[in-house]
Amino acid sequence: MAKRKNRMKVKIFFLLDMAFCKGFVEDLDESFKDNRKDDIWLVDFYAPWCGHCKKLEPIWNEVGLEMKSIGSPVKVGKMDATSYSSIASEFGVRGYPTIKLALIRPLPSQQMFEHVQKRHRVFFVYIGGESPLKEKYIDAASELIVYTYFFSASEDVVPEYVILKEMPAVLVFKDETYFVYDGKFRSFN
């Protein structure tokens, strides 16, 4: 009888613990496309039928709890990649589960660009669509995110004084100067 009560207590604590942890992992939907702009996200793209995804879920919930408990600015989320396939595709999801760090913030307007320019002495901006350069940019951003800021923008958002000879391009802004990366750095004032 005592063993049965102890097992029942363990199950209750386990269920409470799981429910508590889940509160720190946000279920993401279509609105993530717009809401991700101001935050850094660690996202698990999963399929509801995937066995590996189901095994990852309790661990992922612990990740959410741990990030919250250490006061990390990184938000933890999960997204059903089968329901939101366009977003999953944008992040290059090809299998399940896939974990991505969404750390490149879009700059949707010239006003936002100017705001970023006033706030940050050094920052990077990717201009263009899907390309091998973008993949390299994402790789670099994932390694260097703790040191600087990474953004993406359309060509019409960057200031008029920026000269882009080729697209796609990576711009580095530093001390009111910018550099264009196309395999070589060139400085413009």
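Biologist: Where in the chain is H120 found?

Modeller: In this predicted model, H120 is found in the loop that lies between α5 and β6.

Biologist: What makes H120 count as buried or exposed?

Modeller: The relative accessibility of H120 is 11%, and since the word buried is kept for values under 20%, H120 counts as buried. Leaving aside residues up to four places away in sequence, H120 touches Y149 and F151.

Biologist: And H52, is that histidine buried or exposed, and how do you know?

Modeller: H52 lies in helix α3 and has a relative accessible area of 58%; the cut-off for exposed is over 50%, and therefore H52 is called exposed. In sequence H52 and Y96 are 44 residues apart, whereas in space their C-alpha atoms are 7.5 Å apart.

Biologist: Why are C50 and C53 called buried?

Modeller: C50 has a relative accessibility of 5% and C53 has a relative accessible area of 6%; buried means under 20%, so both C50 and C53 are classed as buried.

Biologist: How many disulfides does the model hold, and what makes a pair of cysteines count as one?

Modeller: A pair counts when its sulfur atoms lie within 2.5 Å, and by this rule the count comes to 0 disulfides.

Biologist: What is the order of the open sheet of 4 strands, and why are β1 and β4 called edge strands?

Modeller: The order is β1-β3-β2-β4, with mixed pairing. β1, at residues 26-27, and β4, at residues 98-102, each have a single partner strand, so one side of each is left without a neighbour in the sheet, and both stand at its edges. Helix α3, residues 51-69, packs on the sheet and touches β2, β3 and β4, its direction making about 160° with that of β3.

Biologist: What makes the pairing in this sheet mixed, and how do you know which strands pair?

Modeller: Pairing requires at least two bridges. β1 and β3 run parallel and are joined by 2 bridges, with E26 standing opposite G77 in β3; β2 and β3 also run parallel, joined by 7 bridges, and here D44 stands opposite K78 in β3. By contrast, β2, residues 40-46, pairs with β4 in the antiparallel sense over 5 bridges, and V43 stands opposite K100 in β4. The sheet holds both senses of pairing, parallel and antiparallel, and its pairing is accordingly given as mixed.

Biologist: Why is β3 described as mostly covered?

Modeller: Of the 7 residues of β3, 6 are buried, that is, under the 20% limit.

Biologist: Which residues of the largest nonpolar core touch the most other members, and which elements supply this core?

Modeller: The largest nonpolar core has 17 residues, and L107, F113, V125, L171 and F173 touch the most other members. At least two residues of this core come from each of α5, β6, β7, β8 and β9. The contacts of V125, not counting residues up to four places away in sequence, include L107, F113, F151, L171 and F173. A second, separate core has 16 residues, among them I40, L56, V76 and Y137.

Biologist: How much of the chain counts as buried, and what share of the contacts with a separation of 6 or more joins residues 24 or more positions apart?

Modeller: Of the 189 residues, 35% count as buried, and residues 24 or more positions apart account for 71% of those contacts. The chain exposes about 12300 Å², of which carbon and sulfur atoms supply 55%.

Key. Residues numbered from 1 in each chain as written. Predicted model: local features only at pLDDT ≥ 70, side-chain atom pairs only at ≥ 80, totals over all residues. Heavy atoms only, no water. Contact = heavy atoms within 4.5 Å. Axes fitted to C-alpha atoms, helices over the stretch in contact; angles between N-to-C directions. Core = buried A, V, L, I, M, F, W, Y, C linked by side-chain atoms within 4.5 Å. Buried < 20%, exposed > 50% of the residue type's maximum accessible area, 1.4 Å probe, protein only. Areas by Shrake-Rupley, 256 points an atom, 1.4 Å probe, with all protein chains shown as cover.
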